[in-house]
Amino acid sequence: MLNGNRIVYTVTFNPALDYRVILKKFQAGILNRAYQTNFLVGGKGINVSLVLNEFGVENRALGFLAGFTGEEIESRLLEAGCKADFIKLPEGFSRINIKIKGEEETELNGIGPDIPQKAIEELFQKLEGCKKEDYLVLAGSLPASVNQEIYDRIFKLLSKKQVSIVVDASGSLLLRILPYHPFLIKPNLEELGELFQTEIKQKEQAVFYAKKLKTLGARNVLVSMGQDGALLIDEDEKFYECKALQGELKNPVGAGDSMVAGFLAGYIKERNYEYALKLGVCAGSASAFSENLAKKEEIENLWEQMGEFLS
């Protein structure tokens, strides 16, 4: 394993099966016939675990599963080589999200199961196993049955253990954890603008507001900028930028999660923020240029496009 004794834990509170329906043109109110369909496991933390596997980074996927859909999610993760340690809920079903891809893409996200307090306590028992120099990735939204205060509790527990926590969330959920000094946060341009109630159109604006997030407590701020690549303000206030790579956009879903995975894999390997940023952009781009999440070979090909070689 690439990271020795360190383990990256990912938590997905609301996993899903993503049912992708591809048709030539989608029209509301009439019968539409697909020419291709498939199921993929979904959830931001799960996506991070799947891409970390491509880098050989030891990780554990945590979260909550329920019903036959939960069984299918776990089965597919295990088949992909992930180490899954989910809590099985006694009632309900893990959600199914429908992704309709025609001339445009339409998404219909389902509702996940209620998570009882007993299950929350089981999660904290698992998190007790985290040790110094491990990483934890908290990614995605919380289901309605889980209060945002759970993030406060997680930080209070793991800060004592010197676990580095990565948060990929938006809005009030992101703002509330900044005083706990997360190791990394990764807003995109739209999310960054929403935090400060403004529209970000230029790189200079992105840098300005990323630095504001640092003053609010984040150690490292990684901003994904789509076709403009990504930028990073590190814990020493140093600025890094990586331009986007060339390729055909096929599926943006999971690209941001892949960037987080690539960044972590790069930082764990080299302890170098510039290297981590570049590897994050390669992983995010590789997923965007693929129908599914990026595979190792696809990431390596883009790394070569940068003029460097992934060892």
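**Labels and their cut-offs**

Q: Why is N251 called buried?
A: N251 has a relative accessible area of 4%, and buried means under 20%, exposed over 50% and partly exposed in between, with a 1.4 Å probe and protein chains only as cover. The value of 4% is under the cut-off, so N251 counts as buried.

Q: Before we go on, what kind of model is this, and how are residues numbered?
A: It is a predicted model, in which local features need pLDDT of at least 70 and side-chain atom pairs count only at pLDDT 80 or more, while totals for chains, interfaces and linings use all residues. Residues are numbered from 1 along each chain as its sequence is written, and side-chain values use heavy atoms, with hydrogens and water left out.

Q: Where is N251 found, and which residues is N251 in contact with?
A: N251 sits in the loop between β13 (239-242) and α8 (255-270); helices (H or I, at least four residues) and strands (E, at least two) are DSSP runs numbered from the N terminus. Contact means heavy atoms within 4.5 Å. Leaving aside neighbours within four places in sequence, N251 is in contact with R20, E105, S287, A288, S290 and E291.

Q: What makes the count of disulfides what it is?
A: A disulfide is a pair of cysteine sulfur atoms within 2.5 Å, and by this rule the count is 0. The sulfur of C130 is 17 Å from the closest cysteine sulfur, in C82, so that is too far for a bond. C242 is in no disulfide either, with the nearest cysteine sulfur, that of C282, 6.7 Å away.

Q: Are C130 and C242 buried or exposed?
A: C130 counts as buried at 3% relative accessibility, and C242 counts as buried at 7%.

Q: What makes the phi of E237 and of Q162 worth a look?
A: Most residues other than glycine have a negative phi. E237 has a phi near 70°, a positive value in a residue other than glycine, and Q162, also not a glycine, has a positive phi of about 60°. E237 is found in the loop between β12 (230-233) and β13, and Q162 in the loop between α4 (149-160) and β9 (164-168). With a relative accessible area of 45%, E237 is partly exposed.

Q: How do you know that L173 is buried, and what does L173 touch?
A: L173 is at 7% relative accessibility and therefore counts as buried. L173 is found in helix α5 (residues 171-177) and touches G140, L142, Q148 and Y151, not counting residues up to four places away in sequence.

Q: How does the radius of gyration of the chain agree with that of a compact globule?
A: The radius is taken over C-alpha atoms, and the globule rule is 2.2 Å times the number of residues to the power 0.38. With 311 residues the rule gives a value near 19 Å, and the chain has 19 Å, so the two agree. Of these 311 residues, 51% count as buried, and the chain holds 10 helices and 13 strands.
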